[in-house]
Amino acid sequence: MIAQSMVGAEPIATGQLSQNTNSLLHFDAAERRYGTPGDTNGEVIAVDGVTCSVAKGSFVALVGASGSGKSTLLKMVNTLVEPSAGRVLFDGEDVTTLKQSQLRRRVGYVFQGIGLFPHFRVGENIAIGPRLTGEQLPAARIAKLLSLVELEPDMASRMPDELSGGQRQRVGVARALAGDPQLLLMDEPFGALDPITRDALGERVRELHEELGLTTVMVTHDMAEALLLADRVLVMDAGQLVADETPRGLLGGAGGEIAQGLVAVPRDQAEKLAAMEESIAAKAAEKAKERAKERARAKAAEEGRAP
Amino acid sequence: MMGFWETLFGLGDKLTAHVVLSASAIGLGIVVALPLAVWASRSQNVARVALGFASLVQTIPALALLALFFPILLSLRAVFGEDLPTLGFLPALLALALYALLPVLRNAVTAQANLDPGVLEAADGVGMTPWQKLTLVEAPLSAPFIMAGIRTASVWTIGAATLSTTIGQPSLGDPIFAGLQTQNWNLVLAGCFASAGLALAVDLLLGVIERGLALRRRWQYGAGFGAVTLGILVAVTFQYGDALFAEERADGDPGPIVIGSKQFSESYILSQLIGSQLKKAGFEVEYRTGLGSGVLHGAVANSSVDISVDYTGTVWVNELRRTDIPPREEMFETIVAWERENTGTRVLGRLGFENAYAFAMRRDRAEELGGITTLHDLKPVASQMTVGGDPEFFERPEWFAVSEAYGLDFDEIRNFSPTFMFNALKAGEADAISAYSSDGRLSAKTYFLLEDPLGALPSYDAMLMLSPRIGGNQAVVAALQPLLGAINVEAMREANYAVDREDDRKVSPKRAAEELAEKIGL
């Protein structure tokens, strides 16, 4: 079921992407190894031959346990990590042959650790990408980007350490959007945030995805988040893609054992919560019944005493 | 005697030299350390080697490190030619820069290692080139820590720069070394006060910059950098301003003549005496005081010092590496010829007195032991006597020569530091001590020197040494001629005593030189 729907390697190798006119991102047997090749102890295979395409306008969640290779796969897209073998194509072009500065303008990146530069003001942080290519971002544009992530424009003059965690990641998202990217990559973007902030920001990102017509790939270990935000979920395990399903499909039991194991976690939680709620409701109903009986008994007694 | 404040305010030229030297050394240290730190942050092996080397350098005492650069530069002349200076500014600069390396390097490497990896990844992720990453992220975030390293390096360097006096570089160490030797505590205090004050002021200023960088207050670190730059500029102007605006020298004018002295009173007095003679003849004069004996000999040979007073016995043993002891005239003639052929130094002549190793006794003790007047008389009583000497003496050829020639076998041999030698004799801790024949304290009535009828002790005639640069200058030679053969040992002892004595009649070497000049009729 993995990538079966995707094109094989051959037509891509010959440069014909007709089947993929709608795909913005394509992994072609992408592989990443660390350490000495052949050394069984020293060699680590982080990404083990992943082939798949991401269509324009889709919101894809990349899910898996720690060490499954999902972050490495994401980093191969903007060449933070280079493939040991295979290729990653962005809009039909091999990312390793693209000029890095241009590639990174077209690909917004939201970091796991937020990664704001502590010595730059919020505004300078947002404007850093364009600045690197010699372009100065106008204040109005910075204000607009801040408003996109629901922050006040006067935040631009603050230092990052004056902001809350949620505000900082909002700035991180604004920075990723500063270059008007086609593709937004997010590496565990909400991992460090509290649940309420996380939900609010997640929803905002989903809205921005629609408003700006972005293609988004989000790495997360939280299946619930993936199911709620994405319209396609890729599941990775030990460097390989083991499931490629819609949230609906996953909830319907598709995707195989590993994917279902991940889906089971939030589902069990939800079921337990529901059961708890039910039992609380049942107890409350029983209590209400008893109280009603008691009242009736008391009433009867009162009436009985009365002549 | 000059007062403390008067001395302190007279240190202007030493202070500027000290500032220029320290600033250059710290600057060079930073210029080397920062790229090395960047490299080290990208390679574990480079980090290990660089930090290991810098730590190793730090374990070498500053004094030894400074001295080591003399032979190192001497051997480098094979590569860079004979004009490479081996004394003075260059070796001091190199040694101090090496010393300044460690704190800057260590702080820079530590700062880089402790940078938030998330921020570094973000720098790559937003598309920074390695150079942009270094200048926009790594450098500004490491700056406060690097500045702390520079602060430490500056305080160390300013302190250690006082030791560069010993290799012929003027610094605030000049008054300290001169004062220690002549026991002029005002001079020592003034030197220490000035260098400590400089170190504190620099530390304070760099501290302001460091905090400015940490708090990202541009005006604060900007003002700090401005103040530091201004200070260095002022020092450089004072030091080199004269040279910049000086007119071309006329042909035959040798420019300032540099007079070197070793680390004891007699040497200070004689350099002042020579200086005043040259000034009278219209020459410009500079002094390099407190040099080590071997260093001074080398300095004259390569003309970084022009004139010194050396002693035949010293040159014989240390430079010619001879262990035999020829008669006085023969030794002198051999040295004159050797210097001419090997170093190009011109031995102009002898001053007329000796400052030899000799044996001194208390007059009353000599009477008790049966009226001793010569080394010969010691033989029958040596087995009841204790002899004292400085730690070096009992290893020197003089000691072996004397004990062999007179068949002396003392009951006990004790080491004393030179300062306490006469106290030991006075207190009866030693019956005889090794002494220098021109020591001022011998002109007091209490002590006398034993005669050496067999001539077992080598002679230590004071000689006037001229550098190859100045040796052929007739006007210089004419100005110095009156000094040759003019100073007898009594006159020298008196001058030495005037400087060495510890009562209120103590005078400065300069004053003693004036009195000596008067006495010998100059």
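Let me start with chain A, which has 10 helices and 10 strands, where helices (H or I, at least four residues) and strands (E, at least two) are DSSP runs, numbered from the N terminus. Please keep in mind that this is a predicted model, in which local features need pLDDT of at least 70, side-chain atom pairs count only at pLDDT 80 or more, and totals for chains, interfaces and linings use all residues. Residues are numbered from 1 along each chain as its sequence is written, while chains are lettered from A and ligands numbered from 1 in the order in which they are written.

Of the 307 residues of chain A, 39% count as buried, meaning that 20 or more other C-beta atoms, placed from the backbone, lie within 10 Å of the residue's own. Among the chain A contacts with a separation of 6 or more, 67% are between residues 24 or more positions apart, a contact being two C-beta atoms, placed from the backbone, within 7 Å.

Why does B:Lys14 count as buried? Because B:Lys14 has 22 C-beta neighbours inside 10 Å. Leaving aside residues up to four places away in sequence, B:Lys14 touches B:Pro170, B:Ser171, B:Leu172, B:Asp174 and B:Pro175, and its C-alpha atom is separated by 7.6 Å from that of B:Asp174, 160 residues apart along the chain.

After α13(B) comes B:Arg321, with a positive phi near 55°.

Key: A residue is buried if 20 or more other C-beta atoms lie within 10 Å of its own, exposed if 12 or fewer, and partly exposed in between; C-beta atoms are placed from the backbone.
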